[in-house]
Amino acid sequence: MSSTTTISTLSCRILVVALMAVLVPFVTAFSPILSSSSSSSRIIHNNNLRRKSAFDDSTRIYSVPNENTNDPNENSESSFSRRDILQSFSSLAILTTSQPCTALDILPTPLQPRERRSNGGIYTPAKRCTAYLVDSTIPPTLVPFKAQREAAILKTIGAGLGTSKDPYLSEALTLNNIAKKTVFGSVGLAQDVIFRGGKKKDEKGGAGYASFVCFGVDYGEEEDVSLAMGLMENILAPRRNVETALGLEFVPQSMQGALDQFRNDGNEGSLKEALLVNAQVKEDVFNTYLPLLQYARSKKLSLLALSPEPSDLRTVRSEGLQSLNIDRRSQYVKDAQGFINLTQDEKFKLYTDRSLLKDFVPLTEKDGPGDYFAERILHHEACASVVASWAMERPDSLVMLVSEMKDVRYMGGINGRIPRICRVLRGEGECSVDESAVTTILLNPSAEETLSGSQYLRLEIGTAPKNLAYQTKVADYIWFSKMPKVNLLNRMMNPM
């Protein structure tokens, strides 16, 4: 007998002995009850026989004693001895252990042979989606998309439909958002997300309309570049003969000529020298995003330099916005009044307090949060102004911009300023760009990058009762290169 068979047999005998130890006292305790029940049944049966005999023969009385003490069968059935019970269980043990396949094979136990375990005993994690819609419920929920739906969503965005910022389920029902999706299903939600987007095909479009996609990335991660190019492939699929551009947040606006030259001749050495020497772009950032520049050139995309000059940002950080050259200010800020009024908006104040200032790191002893605030809002306004200016001159155009995650999360950075600037440049009545025309996608975000204090992603800011009216979700979509860890995702619905 092999060692495997010996272990299985020993395991089965251990199980049988354990069952015997539990069941023997139980059966013994109930044996008097069983015996008395059996005696009562015989008494009732004998009484019925007595009545039948008396009715058939009135001259003769036939009677049966209540107890027949001379019947050996009745005496043997009146009680069960421990010996009888042990013999029965011993027979069961012999019968069970004599079989080569034991009862333990049904359950996964360490005692099973490896070949009898599911998947050979190797743990296989459950498959999780890599694309998630951040639905605008209160609080926001994550809607996973299966791989076969990802391309359809991206092509919808590429077609210019944008992404709706409204929740996809009616709030008229007095059920929790999560409960509603569980009860009513997600078929309608899938149709809305894929086919409706932020606008209908017969609305908007033409002169005064453009759409935008903001990718939030980590400049130090090559994986984010590969993922961005993969998503762009599907976004660009429906955009034949339609103006499309790629905006680069890390490239100063003075380098626009260098980007145009690279688009024409593809000379990487000249571009590298211009960006690293003249624009002070970090070499590791340039090397990481060079494949993206090459991809954009192969797709004949326009390249846009978005950032203010580093020297201007240093001036604002140390001396304030008022110290910036007036010509540079007019170049960076196309909507001066809106730029000022935005700082007084309650929703923007929430964004400033809960997101923008969280990244403040003092550069000197005199450097304060106010100085950092002035630098960042100028940076966001300048990037948004370039994007809006290019798009408003080209009907139905699309601008995809790549930026650090901190500049687009919670919708208050570059992405949140684009609709306002478009309306100013085109005219309030002639521009149909609104917040649904701007889609924000975070690539491979970590809990820390969403400003979460736990291991889960943070999906919103503004959870206090006084801030509930200004609650803002972290992004429209969250996309991963590979299956994310399960403890990174929260408030997740069933995949579609």
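Is Cys214 buried or exposed? Cys214 counts as buried, because its relative accessibility is 0%, and buried means under 20% relative accessible area. Keep in mind as you look around that this is a predicted model.

Cys383 is buried too, with a relative accessible area of 0%. As for disulfides, the count comes to zero; a pair of cysteine sulfur atoms would have to lie within 2.5 Å to be counted.

| Element | Residues |
|---|---|
| strand β1 | residues 131-135 |
| strand β2 | residues 141-145 |
| helix α4 | residues 147-158 |

Strands β1 and β2 run antiparallel and are joined by five bridges. Together they form a hairpin, with five residues between them. To find your place in the pairing, look for Val134, which stands opposite Leu142 in β2.

How many of the five residues of strand β2 are buried? Five of the five are, so β2 is largely enclosed by the rest of the structure. Thr141, Val143 and Phe145 point one way from β2, while Leu142 and Pro144 point the other way, and all are buried.

Helix α4 has twelve residues, which should span 16 Å at 1.5 Å a residue. Its end C-alpha atoms are 18 Å apart, which agrees with that expectation. The buried residues of α4 are Glu150, Ile153, Leu154, Thr156, Ile157 and Gly158. After α4 comes Gly160, whose phi is positive, near 95°.

Definitions and conventions. Residues numbered from 1 in each chain as written. Predicted model: local features only at pLDDT ≥ 70, side-chain atom pairs only at ≥ 80, totals over all residues. Heavy atoms only, no water. Buried < 20%, exposed > 50% of the residue type's maximum accessible area, 1.4 Å probe, protein only. Helix = DSSP H or I, 4+ residues; strand = E, 2+ residues; numbered from the N terminus. Pairing = 2+ DSSP bridges. Expected span 1.5 Å × (residues − 1).
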